[in-house]
Amino acid sequence: MAIAETKERREGMAGLAKGLAIIEAFSVHPVMSVADAARASGATRAAARRCLLTLVELNYLELSGRDFRPLPRLRRLGGMMSKRDKLVQIAQPLLERARDEVAESVSLAVLDDNQSLFIARAQAEHYVQTGVRVGAYLPLYCSATGRILLGHHTDDEITRRLSQQQMSARSPRTLTTIPDVLSAIRTAAKNGYAISDEELAPGTRSMAVPVLAPNGDIVAAVSVSAATARVKVSDLRKRLLPVLLNCANQIAQPLNELR
């Protein structure tokens with residue numbers, strides 16, 4: 001009997017540890033799939049799925065398609081709403097307004113380790129295959145958001161970050177050398193916007209602008225993605241850029257409260 005109880009207790013503690021690891025992961029990732037949760041917790045996919053569905057049943061998470069998102073009950077476990085949560089709360093209605101103006105999908109991304117993490121998005125009716133969704137990552141070297149988010153870093157810091165990535169050619173137009181990408185980042189910082197023209201994938205273009213904190217730091221990037229058949233590079237600059245800049249400025253206005 002004692003051996004059975006000890007085994008049961010160990011299994012329970014292991015399950016609890018994996019569940020807590022998944023809960024902690026939501027403080028970093030605003031949205032996770034079963035696979036994401038399994039990687040974050042070190043659990044099998046089956047175990048991660050059981051934990052996630054239990055949290056859904058207890059009203060800690062909501063399930064939308066394959067994605068799990070925290071509900072207020074889970075956020076309360078960590079106390080006050082995080083700065084990232086507040087940023088999303090501020091940005092979401094503004095992204096939706098910008099989407100309605102340009103009739104293209106508009107997103108908000110932050111620097112997360114050595115990748116660009118999308119934390120909010122207003123999806124347009126037409127779908128563009130860019131891999132962008134809330135909780136998704138894009139590489140820094142070939143994405144417009146990545147080049148914006150690296151804009152205030154030193155050349156040495158940018159080189160260090162880029163050297164830790166495999167800069168593979170995702171299309172014939174992808175820049176794959178550190179000097180070329182560094183030059184593109186410096187051009188973006190000078191212009192106040194970045195354009196990735198069919199570098200992530202053939203047939204898609206994207207533009208990003210910075211969201212600036214009161215001290216001038218870049219805290220996020222607002223971006224738009226569109227099909228090349230529908231939007232020219234000149235359209236990005238003339239028609240979409242003013243909308244993105246206005247959206248980023250409006251997001252930045254309340255940031256004093258997040259300090």
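**View 1. Helices H2 and H3 are roughly perpendicular to each other in this predicted model.** The two helices pack at an angle of about 105°, and their axes are 8 Å apart. An angle of 65 to 115 degrees counts as roughly perpendicular, which is why the pair is described that way. H2 covers residues 34-41 and H3 covers residues 45-57.

**View 2. Residues of H2 meet residues of H3.** On the H2 side, the residues in contact are Val34, Ala35, Ala37 and Ala38. On the H3 side, they are Arg45, Ala48, Arg49 and Leu52. Sorted by class, this contact has six nonpolar residues, two charged residues and no polar ones.

**View 3. Helix H2 is mostly covered.** Of the eight residues in H2, six are buried. These are Val34, Ala35, Asp36, Ala37, Ala38 and Ser41. Among them, Val34, Ala35, Ala37 and Ala38 also take part in the contact with H3.

**View 4. Arginine 147 is buried in helix H6.** Helix H6 is made up of residues 144-149. Arginine 147 has a relative accessible area of 3%, and it counts as buried because this value is under 20%. Leaving aside residues up to four places away in sequence, arginine 147 touches Leu140, Tyr141, Cys142, Leu175, Ala184, Ile185, Ala194, Ile195 and Glu199.

Notes: Residues are numbered from 1 along each chain as its sequence is written. This is a predicted model: local features need pLDDT of at least 70, side-chain atom pairs count only at pLDDT 80 or more; totals for chains, interfaces and linings use all residues. Side-chain values use heavy atoms; hydrogens and water are left out. Helices (H or I, at least four residues) and strands (E, at least two) are DSSP runs, numbered from the N terminus. Buried means under 20% relative accessible area, exposed over 50%, partly exposed in between (1.4 Å probe, protein chains only). Contact means heavy atoms within 4.5 Å. Axes are lines fitted to C-alpha atoms, for helices over the stretch in contact, and angles run from 0 to 180 degrees between N-to-C directions. Angles under 35 degrees count as roughly parallel, over 145 as roughly antiparallel, 65 to 115 as roughly perpendicular and the rest as oblique. Ala, Val, Leu, Ile, Met, Phe, Trp, Tyr, Cys and Pro count as nonpolar, Asp, Glu, Lys and Arg as charged, and the others, Gly among them, as polar.
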